[in-house]
Amino acid sequence: MKINTIPAIKEIKVNGANFNISDYSLSDMFKEYIPVWGDIFSDFDLALGGDNRISFTTDPSFCKEEYSITAKADGITVTCSDPAGAYYALVSLAQLAALNGGELTEFTAHDCPDKDFRAYSDDISRGQIST
């Protein structure tokens, strides 16, 4: 399974059976927690709609935007600190699925930001075209 997401997931362990992301759907509670969930998956041309659930739990011991994903053939669980952590978990899950044509291998992943803020730098000091 390809795992080169942007930004890179700090810790990911792949093992177990293969499954297709289209066999899953988000729990209603997850849909309410992250209203833009549909945009995340459609941006990667992925469709959800199966009987297996993608659910979430919150963990107050996690830092801001921290998340973990436990993906198994019978269900995917996201543990997060806050809505931002849940959002980044879904983005990572969608990226992994897109990188692998929708086919994933069972895995566990954990990620948290190194800094208290997220930023992007675009150096245009040598002209208006990024280098």
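Predicted model: local features only at pLDDT ≥ 70, side-chain atom pairs only at ≥ 80, totals over all residues.
The secondary structure of the protein chain consists of three helices and six strands. The C-alpha trace extends over about 50 × 35 × 30 Å along its principal axes.

Contacts and surface complete this overall view. Among contacts in the protein chain with a separation of 6 or more, 69% involve residues 24 or more positions apart. Of the 131 residues, 37% are buried. The chain exposes about 7700 Å², and carbon and sulfur atoms supply 50% of that area.

Attention may now turn to the charged side chains. Side chains of opposite charge can pair when their charged atoms come close. Two salt bridges are present in the structure. One of them joins the side chains of Asp 114 and Lys 10, with an N to O distance of 2.4 Å. Asp 114 belongs to the segment after strand S6 (103–111), and Lys 10 to the segment before strand S1 (11–20); the pair therefore ties together parts that are 104 residues apart in sequence. Asp 114 counts as exposed because its relative accessibility, 67%, is over the 50% cut-off. Lys 10, at 45%, is partly exposed. A salt bridge also links Lys 13 with Glu 11, where the closest N and O atoms are 3.7 Å apart. Glu 11 is partly exposed, its relative accessible area being 41%.

A pair of aromatic rings is described by the distance of the centres and the angle of the planes. Four aromatic pairs are counted in the model. In the pair of Phe 30 and Phe 56, the ring centres lie 4.9 Å apart and the planes meet at 50°, so the arrangement is tilted. This pair links distant parts of the chain, since Phe 30 lies in helix H1 (residues 28–33) and Phe 56 in strand S3 (residues 52–58), 26 residues apart. How accessible are these two residues, buried or exposed? Phe 30 is buried at 0% relative accessibility, and Phe 56 is likewise buried, with a relative accessible area of 11%. Together with Tyr 33, Phe 30 and Phe 56 form one aromatic cluster.

Note on methods:
Residues numbered from 1 in each chain as written. Heavy atoms only, no water. Salt bridge = Lys/Arg side-chain N within 4 Å of Asp/Glu carboxyl O. Helix = DSSP H or I, 4+ residues; strand = E, 2+ residues; numbered from the N terminus. Buried < 20%, exposed > 50% of the residue type's maximum accessible area, 1.4 Å probe, protein only. Phe/Tyr/Trp six-rings, centres within 6.5 Å; stacked < 30°, edge-to-face > 60°. Contact = heavy atoms within 4.5 Å. Areas by Shrake-Rupley, 256 points an atom, 1.4 Å probe, with all protein chains shown as cover.
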